Amino acid sequence: AVLTLIFGSVVLRWASLPFLALWILCPWVAQRVSLRVRAEKRRRLSEEDRQLFRRTARKTWRFFETFVTSEHHHLPPDNFQEIPHPVVARRTSPTNIGLYLLSVVAARHFGWLGVSEMVERLEATLATVETLPRYNGHLFNWYDAKDLRALEPLYVSTVDSGNLAGHLWALANACRAQAGEPPRHAGIFEGIDDVLALISEAAYRDRK
């Protein structure tokens, strides 16, 4: 746009002005969208919504709690199929691994597991990741969680690799933040409340 403005015809110069203006404004726009939202503008959740979100998150953590085991080398399965009969998809991907790692620190934050179990889960999964076959240092997109072989066709996904990189970055910051926090005993009781609420919901459904 700058070269067109200098060397182009009059028509091209006028046509390039909007693009030049946008280019000049880009740093300002990037700075504005990166600002923290002011506390007074944040929407406050009602207690009912807060409990709903916590219970939904606890159900999500239950998936990882149930299926990430030593049988599958502490790697999260891609999915669990209930119909027509229960089947665990034992394949996993860099995105699945990253989501699980973040779920572990989130579970600690919400009081669903203690510090020692969080560390054990993280170390077990990361130790397995270190042993996975790679291409020039990059993880392949799919692995068999049972025998840790890369699944055909072999390829590296920039999307999944980028997801994992972002998850690891967030994981590192979350671990640093939690290392500097005092023990959160109140969070443990909130975690117990979440479990009791879900048990109550399940019992009510069974009675219907």
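In which loop does His 72 lie? His 72 is found in the loop between helix H3 (47–67) and strand E1 (79–81); helices (H or I, at least four residues) and strands (E, at least two) are DSSP runs, numbered from the N terminus. The model is predicted, with local features needing pLDDT of at least 70 and side-chain atom pairs counting only at pLDDT 80 or more, while totals for chains, interfaces and linings use all residues. Residues are numbered from 1 along each chain as its sequence is written, and side-chain values use heavy atoms, without hydrogens and water.

His 72 is buried, at a relative accessible area of 11% (buried means under 20%, exposed over 50%, partly exposed in between; 1.4 Å probe, protein chains only). Apart from neighbours within four places in sequence, His 72 is in contact (heavy atoms within 4.5 Å) with Phe 67, Arg 90, Ala 145 and Lys 146.

The axes of H3 and H4 come within 10 Å and cross at roughly 130°; axes are lines fitted to C-alpha atoms, for helices over the stretch in contact, and angles run from 0 to 180 degrees between N-to-C directions. H3 and H4 are therefore oblique to each other (under 35 degrees is roughly parallel, over 145 roughly antiparallel, 65 to 115 roughly perpendicular, and the rest oblique). Arg 54, Trp 61 and Phe 64 in H3 meet residues of H4 including Tyr 100 and Phe 110.

The axes of H4 (residues 94–110) and H6 (residues 158–179) come within 8 Å and cross at roughly 20°. H4 and H6 are therefore roughly parallel to each other.
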